[in-house]
Amino acid sequence: MDKIKYTLTLDDCRDYVKYQRKIPRLRKFVFKQFRPLIILFFIIVLFSVAMEVNFFFKAFHYVSGEYSMTFTELLKSDFAGLLLDGIADHFWNMNLPIFVTWAVIFLVAWIISKNDLFHAESSKVFNGLKNQSLDIEITPQDDGLYCSGKNISALYKWKDIIDIYDTKKSYLAYVAESSAIIIPKRAFPMEEESESFYNYVSNNLNRK
């Protein structure tokens, strides 16, 4: 096959970042930026539960002392239901504002990530590629794909390419768990050549 020459743009990187959310094996990376928020949520819940357990025992101890009842007797009495209702109300009154605030923060972060607002993630990928080379030349060979640029020169053998995906704007040939060669479809003069390249790579990957 002929050499493929193209220049990567920020829009190519945006297409790459967004498409990663559709690949099942990469979804774990999508939620990576949310881990601090998720961990914080569980810490808040555990702390709240610990506080309510402490409040529970103090309340039961106080009531059992007032009415000269053992803990077991108190649990069997009508006071138990009232105390549990009071503890539940206390828990929600204390923690509901915190949970709502956390939910709002998480929702905003999710919307920003899902829509890739401010191009944060895409810009990071774009700047990383800029340090290597945005002008790429790919030569399909019998043993793999040879990529070259200003500061990059590498042969990715078929056995080292995990898979290739077809997006609306480009082909993504993954050479690592979360890293791919971005090949924009505009690099091909005709649609038939684009499809031919994709089929060529796919067939070689199926034979590896």
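User: Hi! Y174: buried or exposed?

Analyst: Y174 is buried, at a relative accessible area of 0%. Buried means under 20% relative accessible area, exposed over 50% and partly exposed in between, using a 1.4 Å probe and protein chains only. This is a predicted model, where local features need pLDDT of at least 70 and side-chain atom pairs count only at pLDDT 80 or more, while totals for chains, interfaces and linings use all residues. Residues are numbered from 1 along each chain as its sequence is written, and side-chain values use heavy atoms, leaving out hydrogens and water.

User: Thanks! How many aromatic pairs are there in the whole structure?

Analyst: The search finds 8. One of them joins Y165 and Y174: the ring centres are 5.7 Å apart and the planes stand at 85°, so the pair is edge-to-face. Rings of Phe, Tyr and Trp (its six-membered ring) pair if their centres lie within 6.5 Å; planes under 30 degrees apart are stacked, over 60 edge-to-face and the rest tilted.

User: And which aromatic cluster is Y174 part of?

Analyst: Y16, Y19, Y165 and Y174 make up one cluster.

User: Switching topic: what is the strand order in the open sheet?

Analyst: The order is β5-β6-β7, with antiparallel pairing. Strands are DSSP runs (E, at least two residues), numbered from the N terminus, and two strands pair if DSSP finds at least two bridges between them.

User: Which strands stand at the edges?

Analyst: β5 (163-166) and β7 (179-184) do; each has a single partner strand, so one side of each lacks a neighbour in the sheet.

Conventions: Helix = DSSP H or I, 4+ residues; strand = E, 2+ residues; numbered from the N terminus.
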